[in-house]
Amino acid sequence: MTYSDRPSPEAFLRLAAQEGRGRLKIFLGAAPGVGKTWEMLMDGHHRREAGVDVVVGIVETHGRRDTEAIVNGHDIIKRRVSDHQGVRYSEMDVDAILQRHPALVLVDELAHSNAPGSRHPKRYQDVEELLDAGIDVYSTLNIQHVESLNDVVASITHIRVRETVPDSVLENAELEVVDLPPDELIERLRDGKVYIPQEASRALAHFFSKSNLTALRELALRRAAQAVDAQMLEHVRSHALAGNFAVGERIIVAVSELPAAVEFVRAAKRLADALKAPWTAVHIETRRSLNLSDMDRQQLSDTLALASRLGASTATVPAATVIDGLRLFAQDARATQIVMGKSRRPWWFTMLHGSIVDQVVRANGDVAVHVVPSDSPKQADHNRSSLLVGSWGKRSHYIWSFVMVAAMAILGRLLIELIDLHNISLLFLIPVMAAAASFGLRAGLFAGFMSSLAYNFVFLPPTGSLTVNNPENIISIFVLLGVAIVTSQFAARAREQANLAQKSARQNAALASFSRQLTAAPDQDGLMQAICFEVGRLLDVRAVFLLPSADGPTLRAAVPPDDVLEPIERAAAQWAIDNGLPAGRGSSTLTSSEWLFHPLATTGCVIGVLGISRNDALDPIRSDQLPLLMSLLDQAAIALDRMRLEEAALHARHVEERDRLRAALLSSVSHDLRTPLTMILSAAQAIRRGPFDGVAGAQAFAGTIEAEALRLNRFVSNLLDMVRVEAGALPMRAEATELFDAAASAAHDCRASLTGHEILIDIPSALPFVRLDPILLHHCLINLLDNAGRYADAGTPIIIRANRTADGIILSVIDQGPGIAIGDEKRVFEAFTRIDGNDRAKHGTGLGLAIVKGFAEAMGLSVEAGNHDDPHGAQFSIHIPSALIVGELMNEKLL
Amino acid sequence: MKSRHKVLIVDDEPQIRRLLRAALERADYAIVEAGNAREAAALLRGERPDIILLDLGLPDRDGLELVPIFKQQSQTTLIVVSARDATDEKVAALDLGADDYLTKPFDTDELLARMRVAVRNRLTRDGGNLVVTLGDVILDMAARRVTKSGKEIHLTPKEYKVLVELARFPGRVITHKQMMNEVWPHEHEHHVEYLRVLIRTLRQKLETDPQHPQLISNELGIGYRLRLGPVDSHGEEI
């Protein structure tokens with residue numbers, strides 16, 4: 001932790017404002033039924049047992065026996081019963097509580113709206129008053145009632161909650177998330193353990209879908225984490241402490257490359273489940289980690305992957321020692337519990353240094369440390385040998401070290417007249433430190449050993465031999481050797497730390513850019529392409545992305561894009577999907593596949609597979625890249641999962657919109673088709689029955705049939721047009737079109753229906769051609785003219801105007817009439833919208849403007865509705881972008 | 001006495017055939033009917049009709065395929081009458097040789113007018129009429145002269161070609177492609193904007209009121225049509 005040690009003044013100021021005020025603790029839940037009330041009551045019960053004066057302000061038991069039992073164990077403040085317009089309301093009695101003045105009051109349902117006539121309209125305002133009076137309050141809240149999240153929740157669940165609590169209330173409160181996995185909640189719901197008011201049961205049944213609950217749960221956890229982090233920071237700043245500040249439990253589990261680490265992870269998972277606590281699996285990367293064998297690395301990343309599948313977040317932290325790393329990480333993560341394995345160091349090492357466990361316990365005084373026995377000692381030998389083999393380094397390092405020592409001996413020889421013999425030995429520390437810093441510990445020790453030999457050989461009498469006459473000089477040699485060993489150890493450690501820091505900085509930068517690229521992806525396909533591209537770039541490999549489907553894995557993205565997969569590779573991908581483990585080259589399964597497939601898993605299921613391969617027939621991934629790849633996969637999985645949820649929500653919205661259209665269509669069809677049909681039918685029957693009063697009578701009926709048939713025809717073509725827009729199946733034949741021509745021919749076709757309105761065309765002849773579908777444009781104009789004709793005041797002209805603007809051409813239809821009501825400018829373009837509700841009288845189908853919008857957008861144009869003044873009326877504009885304007889023509893072709 | 005023109009109605013709907021027969025017989029045409037492509041082909045050989053009214057939605061064959069076949073077999077005027085509204089289809093039918101295209105539901109008067117034009121065109125083509133009178137505009141193809149109200153109008157060579165192309169079959173839609181093939185015969189790729197410029201300048205030179213063109217009418221997405229007769233106040237041909 002790197003907070004400065006002085007409390008910040010701002011933090012003190014904020015604290016001062018809260019001085020003397022009661023404290024609010026909110027039990028936050030993702031949905032009704034997770035057990036918030038129960039949790040609150042239990043917590044209150046514990047406080048009461050601890051001697052705190054606790055009362056129940058208001059709690060709804062919904063007739064549950066166990067809840068009732070625990071409520072009855074408390075002092076209950078009698079509710080205030082009021083009568084409003086013949087309805088009886090019972091509400092929390094704020095005055096009675098203030099008078100009783102307990103230390104802590106339990107108030108259920110913070111978002112509740114009070115009965116009409118109460119002191120405050122909202123219960124949270126009552127609570128504020130209690131807090132102001134210095135009374136602590138425990139309350140419950142569902143995440144959908146948090147004001148800032150209201151929109152998000154509505155977009156997930158399609159149910160908008162009206163009772164909201166401002167975020168400021170939460171900001172000063174302690175939050176505790178009462179969490180229940182969606183499946184369990186659904187189970188509880190099915191068992192009838194969740195209270196649901198009768199009238200809302202249908203809506204709530206939709207609300208309780210697994211995807212909704214998962215999303216809400218994530219929201220709740222995130223909101224709580226946000227608040228907790230903010231408050232922690234505040235607290236740490238004001239007290240300038242470096243201790244642990246856990247609200248609720250946070251667990252970290254330390255994992256190593258040992259197979260037994262899997263057991264630590266499982267143990268941590270059980271602990272996390274029992275405590276309902278978030279947990280993190282962390283690997284502390286020390287110098288030792290650099291020397292791990294490939295097998296060890298694989299084991300380590302498998303363990304981290306397992307933790308991630310079990311719901312943990314994972315981290316790899318570089319540090320000088322495991323103890324340091326764990327201590328810093330536990331502080332940063334504000335862990336309350338650490339799970340780790342028993343040390344497997346030899347007994348003598350433990351005797352000398354104490355076990356890691358002891359040291360961790362000592363370093364993390366206020367954190368509980370769980371030690372899980374590990375029972376795989378066989379692994380140790382293998383690991384030790386690999387440790388020794390791996391660390392000797394290159395031969396050139398020793399040659400260079402030797403050269404430096406020799407150079408120093410020569411330099412010492414030259415200076416022997418100026419410097420005392422014993423001080424010469426100090427010169428040799430220079431090559432020792434240089435070797436240790438540049439080439440590592442062993443090269444440093446080698447240089448130290450060589451130095452002591454050289455010192456003896458060149459400087460100590462008798463020079464030229466390794467014998468020493470003066471016993472004092474023997475001590476000099478040992479001191480030189482000792483100092484060399486210690487300094488080279490320090491120098492080497494500094495070097496390793498610098499290396500680790502550099503490496504982790506590189507990885508963090510790569511990860512940060514990766515997540516930036518992923519957030520920029522517009523849709524699932526874009527995201528998968530971005531994943532492939534970024535993984536390919538960061539690891540220098542070819543990458544493909546596959547999604548599981550009923551007919552095996554399907555290729556959804558590839559970089560480079562022309563990659564194809566052989567059957568063996570598909571089999572490997574399928575295996576990776578089925579087993580949630582890597583398969584293919586470089587893994588332990590189906591190694592004849594050229595590609596290596598890693599599954600992307602979220603809690604419980606594999607949502608995709610990433611395949612990687614190299615051009616040079618090597619293993620697709622180097623062992624030291626594995627942690628990076630695992631982090632990338634984790635991020636990719638989260639991003640993909642979130643995108644899928646979003647797309648599902650979007651799809652649900654589309655379906656809903658379609659349903660609305662369908663319903664509107666049905667009602668419109670029944671009206672607009674039946675009316676003319678009725679008139680045609682009755683006119684035809686009248687003709688058949690006869691007799692008429694002369695030819696004129698027959699003519700009148702025939703006229704009715706003709707007019708109504710034409711109306712029917714118009715409606716049917718509108719419906720067909722709308723269906724084409726909806727289906728996105730508009731045939732486009734864009735060609736150079738002259739706007740004047742288009743306006744004139746639309747005006748021509750509308751002449752019959754626009755009786756009483758003159759159509760004025762105000763389009764300059766110098767306007768260039770535009771590349772549009774003339775038929776679609778014609779329909780747009782006809783519908784706009786038709787609309788204008790229906791709303792314009794009788795006898796007023798309708799103007800079609802076109803102007804060149806900076807970014808294209810604006811084509812408008814302008815009428816003189818009531819115009820469009822403020823706020824309806826967008827709504828008029830929705831299908832079946834009839835502004836004012838009296839549109840039926842105007843014989844509109846409710847489709848015209850929707851068709852205009854659909855057609856215009858199909859051609860790449862945008863539409864806008866508004867009003868213009870002097871004279872007042874509506875103005876509908878089609879914006880034609882510059883890109884659609886036809887360029888200069890060649891004159892010679894016209895001659 | 002002038003012999004009556006014989007019309008072959010090809011439509012699979014007996015109701016439509018009955019209505020058309022009633023309307024056309026009243027206009028003094030002789031009628032033969034076919035309910036499918038096979039019958040139509042037989043009647044085309046046996047009855048040698050002057051005009052075919054062809055519905056594209058036939059039970060045994062796509063009407064569009066029949067257009068070039070029928071045009072090859074006889075010099076008969078062919079008018080497509082279809083409920084299909086797609087512009088592509090209209091252009092295809094016209095390019096394949098159909099003389100005109102009407103969309104169902106149609107106005108009977110409109111159909112009769114188109115039939116009159118089609119028959120007249122056929123006679124013109126047979127006789128090679130070199131002087132075309134379009135209201136006060138007279139096009140004399142023999143002398144390559146255009147006059148409006150007796151005054152000579154100067155046209156550029158391309159403008160003249162466009163006008164001649166339209167005037168060869170007055171009243172009939174000429175597709176953009178057909179016109180451009182004639183006006184720019186050496187170019188493979190056509191740009192309709194050039195044709196539009198020529199039509200605009202032609203209208204400016206020949207129309208009495210270029211803002212409300214009466215002479216050359218626009219068929220959206222398909223082509224242009226030269227209006228023959230006088231027009232009413234709404235610009236519709238009588």
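**Helix packing, sheets and the chain contact**

The model is predicted: local features need pLDDT of at least 70, side-chain atom pairs count only at pLDDT 80 or more, and totals for chains, interfaces and linings use all residues. Residues are numbered from 1 along each chain as its sequence is written, while chains are lettered from A and ligands numbered from 1 in the order in which they are written.

Helices (H or I, at least four residues) and strands (E, at least two) are DSSP runs, numbered from the N terminus. Helix α28 of chain A covers residues 848-858. Its axis lies 9 Å from that of α27(A), at an angle of about 150°. Axes are lines fitted to C-alpha atoms, for helices over the stretch in contact, and angles run from 0 to 180 degrees between N-to-C directions. The pair α27(A) and α28(A) is therefore roughly antiparallel. Angles over 145 degrees carry that label, those under 35 count as roughly parallel, 65 to 115 as roughly perpendicular and the rest as oblique.

From α27(A), the contact uses A:Leu776, A:His779, A:Cys780, A:Asn783, A:Leu784, A:Asp786 and A:Asn787. From α28(A), it uses A:Gly848, A:Leu849, A:Ile851, A:Val852, A:Phe855, A:Ala856 and A:Ala858. Contact requires C-beta atoms, placed from the backbone, within 7 Å. By class, these residues are 9 nonpolar, 4 polar and 1 charged. Nonpolar covers Ala, Val, Leu, Ile, Met, Phe, Trp, Tyr, Cys and Pro; charged covers Asp, Glu, Lys and Arg; the others, Gly among them, are polar.

The contact between chains A and B takes 19 residues from each of them. On chain A, β19 (735-737), α26 (739-750) and α27 (774-791) each supply at least two residues of the side that touches chain B. That side of chain A divides into 9 nonpolar, 4 polar and 6 charged residues.

Chain A holds an open sheet of 5 strands with mixed pairing, in the order β20-β22-β23-β25-β24. Two strands pair if DSSP finds at least two bridges between them. The edge strands of chain A here are β20 (759-762) and β24 (862-868), each pairing on one side only. Neighbouring strands of this sheet are turned by 20° against each other on average, direction ignored. Strand β25 (residues 873-881) of chain A pairs with β24(A) in the antiparallel sense over 7 bridges. A:Ser862 stands opposite A:His879 in β25(A).

Another open sheet in chain A has 6 strands, in the order β3-β2-β6-β7-β1-β8, with parallel pairing. Its edges are β3 (75-76) and β8 (174-178) of chain A. Strand β2 (residues 54-58) of chain A joins β3(A) over 2 bridges. A:Val56 stands opposite A:Ile76 in β3(A). Helix α2 (residues 36-49) of chain A packs on the sheet, and its direction makes about 165° with that of β7(A).

In chain B, helices α6 (residues 157-168) and α8 (residues 192-206) pack at about 85°, with axes 10 Å apart. Helices α6(B) and α8(B) are therefore roughly perpendicular. B:Lys158, B:Glu159, B:Val162 and B:Leu163 of α6(B) meet B:Leu198, B:Ile199, B:Thr201 and B:Leu202 of α8(B). Strands β11 (residues 216-219) and β12 (residues 223-226) of chain B run antiparallel, joined by 4 bridges. They form a hairpin with 3 residues between them. In the turn, B:Gly221 has a positive phi of about 75°.

Technical notes:
Two residues are in contact if their C-beta atoms, placed from the backbone, lie within 7 Å.
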